[in-house]
Amino acid sequence: LCLGAQETANHLCKDCPFTTEVRRLVCHWTGVAAAPSAPFGSLDEWWDASLPRADKVSRRRTSGNLIYVWWNVWKERNRRIFTFARLTYVEVAHLAFEEINQCSLAFSTSAVGFALEPD
Ligand SMILES: [Zn+2]
(Lines give C-alpha, C1' and ligand atoms only; values in the text may rest on other atoms or scores of the structure.)
Protein backbone atom coordinates (compact mmCIF):
# COMPACT_ATOMS: atom_id res chain seq x y z
CA LEU A 1 0.00 0.00 0.00
CA CYS A 2 2.81 2.43 0.78
CA LEU A 3 5.36 0.88 -1.55
CA GLY A 4 7.91 1.57 1.17
CA ALA A 5 8.52 -1.89 2.54
CA GLN A 6 8.04 -5.55 1.84
CA GLU A 7 4.43 -6.59 2.38
CA THR A 8 4.50 -8.75 5.49
CA ALA A 9 1.74 -9.21 8.05
CA ASN A 10 3.82 -7.19 10.53
CA HIS A 11 4.22 -4.34 8.10
CA LEU A 12 0.67 -4.35 6.75
CA CYS A 13 -1.01 -4.49 10.18
CA LYS A 14 1.35 -2.53 12.39
CA ASP A 15 3.99 -0.50 10.57
CA CYS A 16 2.52 0.57 7.24
CA PRO A 17 1.91 4.35 7.15
CA PHE A 18 -1.33 3.74 5.20
CA THR A 19 -2.70 1.42 7.89
CA THR A 20 -1.47 3.74 10.64
CA GLU A 21 -3.45 6.63 9.14
CA VAL A 22 -6.59 4.50 8.70
CA ARG A 23 -6.27 3.33 12.32
CA ARG A 24 -5.65 6.87 13.59
CA LEU A 25 -8.79 8.20 11.89
CA VAL A 26 -10.98 5.32 13.04
CA CYS A 27 -9.72 5.74 16.61
CA HIS A 28 -10.47 9.46 16.41
CA TRP A 29 -13.97 8.96 14.99
CA THR A 30 -14.90 6.20 17.42
CA GLY A 31 -13.40 7.92 20.46
CA VAL A 32 -11.14 4.96 21.17
CA ALA A 33 -7.62 5.69 22.36
CA ALA A 34 -5.10 5.46 19.52
CA ALA A 35 -2.81 2.46 19.40
CA PRO A 36 0.78 3.07 20.48
CA SER A 37 3.14 4.28 17.80
CA ALA A 38 6.31 3.13 19.52
CA PRO A 39 8.02 0.32 17.65
CA PHE A 40 7.20 -3.18 18.79
CA GLY A 41 9.03 -6.24 17.61
CA SER A 42 6.06 -8.41 16.90
CA LEU A 43 2.46 -7.91 15.99
CA ASP A 44 1.52 -9.87 19.09
CA GLU A 45 3.39 -7.46 21.41
CA TRP A 46 1.89 -4.48 19.62
CA TRP A 47 -1.63 -5.96 19.89
CA ASP A 48 -1.23 -6.51 23.64
CA ALA A 49 0.07 -2.96 24.13
CA SER A 50 -2.77 -1.53 22.03
CA LEU A 51 -5.60 -2.92 24.12
CA PRO A 52 -6.77 -0.91 27.11
CA ARG A 53 -6.25 -2.55 30.49
CA ALA A 54 -9.19 -0.81 32.14
CA ASP A 55 -12.10 -3.11 31.43
CA LYS A 56 -13.25 -5.97 29.26
CA VAL A 57 -15.78 -3.89 27.30
CA SER A 58 -13.11 -1.38 26.22
CA ARG A 59 -10.72 -4.18 25.25
CA ARG A 60 -13.40 -5.88 23.15
CA ARG A 61 -14.37 -2.62 21.48
CA THR A 62 -10.76 -1.75 20.66
CA SER A 63 -10.11 -5.29 19.40
CA GLY A 64 -13.16 -5.12 17.16
CA ASN A 65 -12.15 -1.75 15.76
CA LEU A 66 -8.63 -2.98 14.98
CA ILE A 67 -10.02 -6.00 13.21
CA TYR A 68 -12.32 -3.80 11.11
CA VAL A 69 -9.36 -1.56 10.25
CA TRP A 70 -7.25 -4.54 9.20
CA TRP A 71 -10.11 -6.11 7.25
CA ASN A 72 -10.64 -2.91 5.29
CA VAL A 73 -6.92 -2.41 4.71
CA TRP A 74 -6.76 -5.99 3.41
CA LYS A 75 -9.71 -5.32 1.09
CA GLU A 76 -7.95 -2.17 -0.16
CA ARG A 77 -4.79 -4.15 -0.80
CA ASN A 78 -6.82 -6.66 -2.83
CA ARG A 79 -8.75 -3.91 -4.61
CA ARG A 80 -5.47 -2.43 -5.85
CA ILE A 81 -4.09 -5.78 -6.97
CA PHE A 82 -7.16 -7.31 -8.56
CA THR A 83 -9.22 -4.38 -9.85
CA PHE A 84 -6.51 -1.73 -10.32
CA ALA A 85 -8.70 0.70 -8.39
CA ARG A 86 -7.59 2.52 -5.30
CA LEU A 87 -9.08 4.42 -2.41
CA THR A 88 -7.40 6.95 -0.16
CA TYR A 89 -6.71 6.16 3.49
CA VAL A 90 -9.56 8.52 4.41
CA GLU A 91 -11.99 6.53 2.23
CA VAL A 92 -10.78 3.22 3.66
CA ALA A 93 -11.12 4.62 7.19
CA HIS A 94 -14.64 5.74 6.36
CA LEU A 95 -15.58 2.24 5.14
CA ALA A 96 -14.17 0.70 8.33
CA PHE A 97 -16.02 3.27 10.42
CA GLU A 98 -19.30 2.49 8.63
CA GLU A 99 -18.87 -1.22 9.30
CA ILE A 100 -18.11 -0.55 12.97
CA ASN A 101 -21.26 1.56 13.24
CA GLN A 102 -23.40 -1.05 11.49
CA CYS A 103 -22.08 -3.76 13.79
CA SER A 104 -22.74 -1.56 16.78
CA LEU A 105 -26.31 -0.92 15.62
CA ALA A 106 -26.90 -4.59 14.87
CA PHE A 107 -25.90 -5.67 18.37
CA SER A 108 -27.18 -2.65 20.23
CA THR A 109 -29.98 -3.19 22.69
CA SER A 110 -31.43 0.16 21.63
CA ALA A 111 -32.04 -1.24 18.15
CA VAL A 112 -34.46 -3.73 19.72
CA GLY A 113 -36.68 -0.86 20.79
CA PHE A 114 -37.42 0.27 17.24
CA ALA A 115 -41.11 0.14 16.52
CA LEU A 116 -42.15 -2.02 13.61
CA GLU A 117 -43.98 -0.31 10.78
CA PRO A 118 -47.74 -0.79 10.90
CA ASP A 119 -49.24 -3.15 8.34
ZN1 LIG B 1 3.23 -0.11 3.73
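In this predicted model, the side chains of Glu76 and Arg79 meet in a salt bridge, with 2.2 Å from N to O. The two residues are 3 apart in helix α4, so about one helical turn separates them. Glu76 counts as buried, because its relative accessibility is 0%, while Arg79 is partly exposed at 22%. Salt bridges with shared partners also bring in Arg80, so that Glu76, Arg79 and Arg80 form one network.

Staying with helix α4, let me turn to pairs that reach out of it. Lys75 forms a salt bridge with Glu99, where the closest N and O atoms are 3.0 Å apart; since Lys75 lies in helix α4 and Glu99 in helix α5, which covers residues 89–107, this pair ties together parts that are 24 residues apart in sequence. Arg77 pairs with Glu7, the closest N and O atoms lying 2.8 Å apart, and because Glu7 sits in the segment before α1, this contact links parts that are 70 residues apart in sequence. Of these two partners, Arg77 is buried, with a relative accessible area of 17%, whereas Glu7 is partly exposed at 40%. The count of salt bridges comes to 6.

Finally, the zinc ion: its protein donors are Cys2 through SG, His11 through NE2 and Cys16 through SG, at 2.0 to 2.3 Å, with the sequence spacing C-x8-H-x4-C.

Definitions and conventions. Residues numbered from 1 in each chain as written. Predicted model: local features only at pLDDT ≥ 70, side-chain atom pairs only at ≥ 80, totals over all residues. Heavy atoms only, no water. Donors = N, O, S within 2.8 Å, 3.2 Å for Na, K, Ca; no water. Salt bridge = Lys/Arg side-chain N within 4 Å of Asp/Glu carboxyl O. Helix = DSSP H or I, 4+ residues; strand = E, 2+ residues; numbered from the N terminus. Buried < 20%, exposed > 50% of the residue type's maximum accessible area, 1.4 Å probe, protein only.
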